[in-house]
Amino acid sequence: MEIRDFTDMEKFENLMANWAKATGLATVAVGSNGEYISECYNFTDFCIKLTRGSKEGCARCEKCDREGKDVYYCHAGLLDFAIPLVVEGHTVGSVIGGQVLPENPDEEKFRQVAREIGVDEDEYIKALHKVNVRTEEEIKASAQLLGDVLNNFINAEYAKNMNVSIMDKMSSGVATTHDMVAQIIAKTTELKALQNKQKILALNASIEAARAGEHGSGFAVVAKEVGKLSAQSAQVNMEVEEIVRKISTAVESMRD
């Protein structure tokens, strides 16, 4: 199950963009396979240009993306978050972001990270000072809000999509049922014609039996039974017609 298969991604992106604008935090959505399914909002040069711009830094970031949960510190020392996106008990992706500092940074720790990932230390520190500072409580509250909004949205989209699918199937089923009812009506008409023939056959048999006198007694019995069979068939046919009429009425009401 992929979010893009049932979600209006334009509205999805608008929710993320407005949240990022309101909070000043970075965010991006990923699908069940870990690949980005949205634009990256408010991503800093510290993260995108420098940390992810290096081979080692990118590998570490991707590991954090896969393993990070709730609010956590990334490998570089920033506060990030990862909130699962869940539909009917199935995790279909997650929204990740943050990229903020909880307090004034220890430059030496970040210089060490720069050396480890092969990035110019001074440029790294310069970019670090442009990173927003937020408390951990602010990050948690903002991340949870975004997670709640997006989860409510995609679940509503999924339900709407499923309802449309069900209605399509119902429409198809109604059309099929309508055709079947038409076939039943046609067969019922054929049965009426056969019943009329049975009546005529029974009548002719009775006439011939009367002409034959006592030699036609056996023939008369047969004629009588054919007549009974015709009458019984007529009764059954009337009952079938009534059932078909009710079904037809119900189907027509569903088509309207």
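Gln 99 counts as buried, at 7% relative accessibility, where buried means under 20% relative accessible area, exposed means over 50% and partly exposed falls in between (1.4 Å probe, protein chains only). You'll find Gln 99 in strand β4. Helices here are DSSP runs of H or I with at least four residues, strands are runs of E with at least two, and both are numbered from the N terminus. Gln 99 also has a positive phi of about 55°, although it is not a glycine. Most residues other than glycine have a negative phi.

A word on what you're looking at: this is a predicted model, in which local features need pLDDT of at least 70 and side-chain atom pairs count only at pLDDT 80 or more, while totals for chains, interfaces and linings use all residues. Residues are numbered from 1 along each chain as its sequence is written, and side-chain values use heavy atoms, with hydrogens and water left out.

Glu 88 is another non-glycine residue with a positive phi, near 50°. Glu 88 sits in the loop between β3 and β4, and at 58% relative accessibility it counts as exposed.

Back in β4, have a look at Ser 94. With a relative accessible area of 14%, Ser 94 is buried. Setting aside neighbours within four places in sequence, Ser 94 is in contact (heavy atoms within 4.5 Å) with Val 28, Ala 29, Val 30, Ile 83, Pro 84 and Leu 85. Then there's Val 95, which touches a list of residues beyond four places away in sequence, among them Met 16, Phe 81, Leu 85, Leu 146 and Leu 150.

Val 95 also turns up in the largest nonpolar core, which has 27 residues. A nonpolar core is a set of buried Ala, Val, Leu, Ile, Met, Phe, Trp, Tyr and Cys residues joined through side-chain atoms within 4.5 Å. Along with Val 95, the residues with the most contacts inside this core are Phe 12, Phe 81, Leu 85 and Ile 154. Two or more residues each come from α1 (3-6), α2 (9-23), β3 (79-87), β4 (90-100) and α7 (136-212). The largest share, seven residues, is from α7. A second, separate core of 25 residues includes Val 30, Ala 114, Val 119 and Tyr 124.

Pro 102 is partly exposed, with a relative accessible area of 26%. Leaving out neighbours within four places in sequence, its contacts are Tyr 73, Leu 79, Val 133 and Arg 134. Pro 102 and Ile 139 are 37 residues apart along the chain, with 9.0 Å between their C-alpha atoms.

Next come α5 and α6 (residues 121-128), whose axes come within 9 Å and cross at roughly 130°. That makes the two helices oblique to each other: angles under 35 degrees count as roughly parallel, over 145 as roughly antiparallel, 65 to 115 as roughly perpendicular and the rest as oblique. Residues making the contact include Phe 110 and Ala 114 of α5, and Tyr 124 and Ile 125 of α6.

Stepping back, the protein chain has eight helices and four strands, running α-α-β-α-α-β-β-β-α-α-α-α from the N terminus. Of its 256 residues, 35% count as buried.

Technical notes:
Axes are lines fitted to C-alpha atoms, for helices over the stretch in contact, and angles run from 0 to 180 degrees between N-to-C directions.
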